[in-house]
Amino acid sequence: MIRMSNKNSKRNIAIVVLVIVVIAAVAGGYYFMTSSSSTSQTTSMEQISTQMSETSSMTTQQSMMSSETMSSATTMASATSSVAGWQPTASVSITGAGATFPQPLIQKWTVTYNQLYPQVQISYNGIGSGGGIQQITAKVVDFGCSDAPLSNAQFAAAPGLVLFPETLGGVAITYNLAIYGIPSSTVLHFTSSVIAQIYMGTILKWNDPQLVALNPGITMPDAHITVVHRSDGSGTTFAFTNFLSVTDPNWATQVGYSTSVTWPVDTAPNAIGVGGKGNPGVAGAVANTNGAIGYVDLIYALENNLGVGAVENAAGNFIAPTLQTILYAAQNATGTPNPKDLRLHIVNAAGPQSYPIATYTYTLEYQDMSKNPDITLPMAQALAHFFWWEIHDGQQYAPALYYVPLPANVVAADEQLLLTLNYQGTPLLP
Amino acid sequence: MQTQVEKTRARQRARRLDFLHTVLVVAAIGIPIIAILSLYALINGSLDSILAFGFGFLTSSQWIPNPPNGGPPILGALPSIYGSVVTTTIALLFAVPISLGIALFQSELAPGKLRLPSIFLVELLAAVPSVVYGLWGILFLVPFMSSYVDPGLMNSLGFLPIFSGETNGLGMFTAGVILAIMIIPYAAAVMREIITAVPRAQREACIALGGTQWETMRMAVIPYASTGIIAAIVLAMGRAIGETMAVTMVIGNVARITPSLFLPAETIPSVIANEFTEVAGNGIYLAALFELALILFAIALIMNLIGRLLITRLAFHGKVGSDV
């Protein structure tokens, strides 16, 4: 009996050790899989491609319509010829993470690119701009995306990191006044000062004299304004608050601009501020609340059939957001962008037709990609080529998904930057 | 020969039991280790915030992560703690009587044919994912509350501060109602099991003394099962206070302490879910979110301890039979 239990206890120890080894192996494997891009991404790519096939069939019609107006993207496609003959030298899989705003477009890009170059598999996780900055700084992902340009402090934390705009979008002011006899097709006029006062909780009712004066001929209701904003950090909030900071000195000193701010309306007396999670949360709150106002990415306002307001631009005209008016803003605002620092602010752009609330969204990458130990030379080559492809050929997919293709001057500046991408000093693009 | 076979079998059985024993020991040790490690991770993550804000974190109601002048963040947890406590209380006020009623119906009153379908339907509620409750909340419950329930309460009970003010359906009251719906199946299932386990003799004794069905339930069944019922409430409370997605979608997400239940507020999990993605390059902000998680951990722990204390106190007062 004693001998047996002795043997058993030995075996018990062996089992415990085995269990620990198995757990460690699983944990280690998981860590390895998440830190460096692994082979298991094939399945996630398949999921995305099935999702995308649904949306792409839906959107072909719209892209036909808008391809004419978005000629700037097609003219640029010819520039691709300088890297046209490129082929990947090895099978690579690449992981990116960051902003949710460009996620649908990036997924369209990664799937299309994979069809062109089956050896290159790219997956993208929309975890938020802040998460994207954090993960590229920690070199956990191979590239990052952010709606807000990096601050100098954030650049200092990630030496060698560069950014370039990949697409842009507009932020719409939406409202729900249908019950008061103002259908969603009626375009109300707003100035930045009125929007700022609404979000500060000093304009409380829709029939405030300032709103009445802006909208002659429309009977503004004696109804409380429910002010809806984002509760999570967001590039949409960045563009919206950036616009208010640039145009309204009160807003700049009291609130400022960031991906998430502290909204004065939430604590102002008699005002009702509401936070919605994500664009769907804000659009849903506006759609379900009589007398609500909110700000969302353009596509959410159009798809939820909400009222979309016209906003006074720098030239003093009231402009409603469309792909065309956002493109005007981009063309007029940027002038000649500096390829050494592509942080662009296009809110309150000049030009008679420019819509004033728009934002670029950026890709983040190390100039010398070998700084990220997870990136091999074939991966770096594929990344550089993919970036080149997305700012040229990739732009044609933007309008169907309600993004605005990059204007020619920004594409040219992006090209300058992409040509400096290198791997241990060797340029990656010819 | 026979004995040889028996011996081998006995040895095999002993070995199997031995193996099971080892696996169970490893699992039993593993769980407290995981709890300790997660507590360590929370404390480690929130250290910066604890040092920077100290005890004031619990009492300050300012939540300014990105001050306009570029200064350091000013963060206080009081609004989210308040929102968590209030929504959980509302949820329990609705859920406890309803789930007790459901449990009594299913175990004592329901005729055989109704019993299983009703159990199935209530448990179906537990299978619905949280985000679906949130969607249902924002698309149906919020408009319903803002057009019928909230105005009704305001008109009849508006003199109370908790039912005063404006309403748009997004707020603590709606969040409490949706939480109640979410925790009812859990509470009801546990309570039903407890009540079913009350010995027949307990009921028969009461009926023999001339008790009606209602008196039997009230005086013989519920007191006997009270320990388990409290445990069920504690379990439901734990689920309600940690619920994130559905609450985030209907509570309005505003850092504000207001007596009115109709106004937007926030809870600890909703703040973490909302703000976790955008904290890069802001160490104190991230640490403050970790500290919120630590507070949630502490609240859940304290509530569990109170539940256990109640159970042992009731047991000492002899309300619970010793023959369970």
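1. Two residues are taken to be in contact if their C-beta atoms, placed from the backbone, lie within 7 Å. On that basis, the contact between the two chains draws 41 residues from chain A and 29 residues from chain B. The model is a predicted one.

2. On the side of chain A that touches chain B, the elements giving two or more residues are α1 (2-35), α5 (129-137), α6 (152-157), α10 (249-254), β7 (272-276) and α11 (278-288) of chain A. Sorted by class, this side of chain A holds 26 polar, twelve nonpolar and three charged residues.

3. Strand β8 (residues 292-297) of chain A has six of its six residues buried, so the strand is largely enclosed by the rest of the structure.

4. Which strands pair with β8(A)? Strand β4 (residues 161-176) of chain A runs antiparallel to β8(A), and six bridges join them. Within this pairing, Thr174(A) is opposite Gly294(A) of β8(A). Strand β6 (residues 226-230) of chain A pairs with β8(A) in the parallel sense, over two bridges. Here Val227(A) is opposite Ile293(A) of β8(A).

5. Helix α4 (residues 112-127) of chain B is hardly covered: among its 16 residues, the count of buried ones is one. A residue counts as buried if 20 or more other C-beta atoms lie within 10 Å of its own.

6. The length of α4(B) can also be checked. At 1.5 Å a residue, its 16 residues should span 22 Å, and the C-alpha atoms at its ends are 24 Å apart, which agrees. The expected span here is 1.5 Å times one less than the number of residues.

Conventions
Residues are numbered from 1 along each chain as its sequence is written. Chains are lettered from A and ligands numbered from 1 in the order in which they are written. This is a predicted model: local features need pLDDT of at least 70, side-chain atom pairs count only at pLDDT 80 or more; totals for chains, interfaces and linings use all residues. Helices (H or I, at least four residues) and strands (E, at least two) are DSSP runs, numbered from the N terminus. Ala, Val, Leu, Ile, Met, Phe, Trp, Tyr, Cys and Pro count as nonpolar, Asp, Glu, Lys and Arg as charged, and the others, Gly among them, as polar. A residue is buried if 20 or more other C-beta atoms lie within 10 Å of its own, exposed if 12 or fewer, and partly exposed in between; C-beta atoms are placed from the backbone. Two strands pair if DSSP finds at least two bridges between them.
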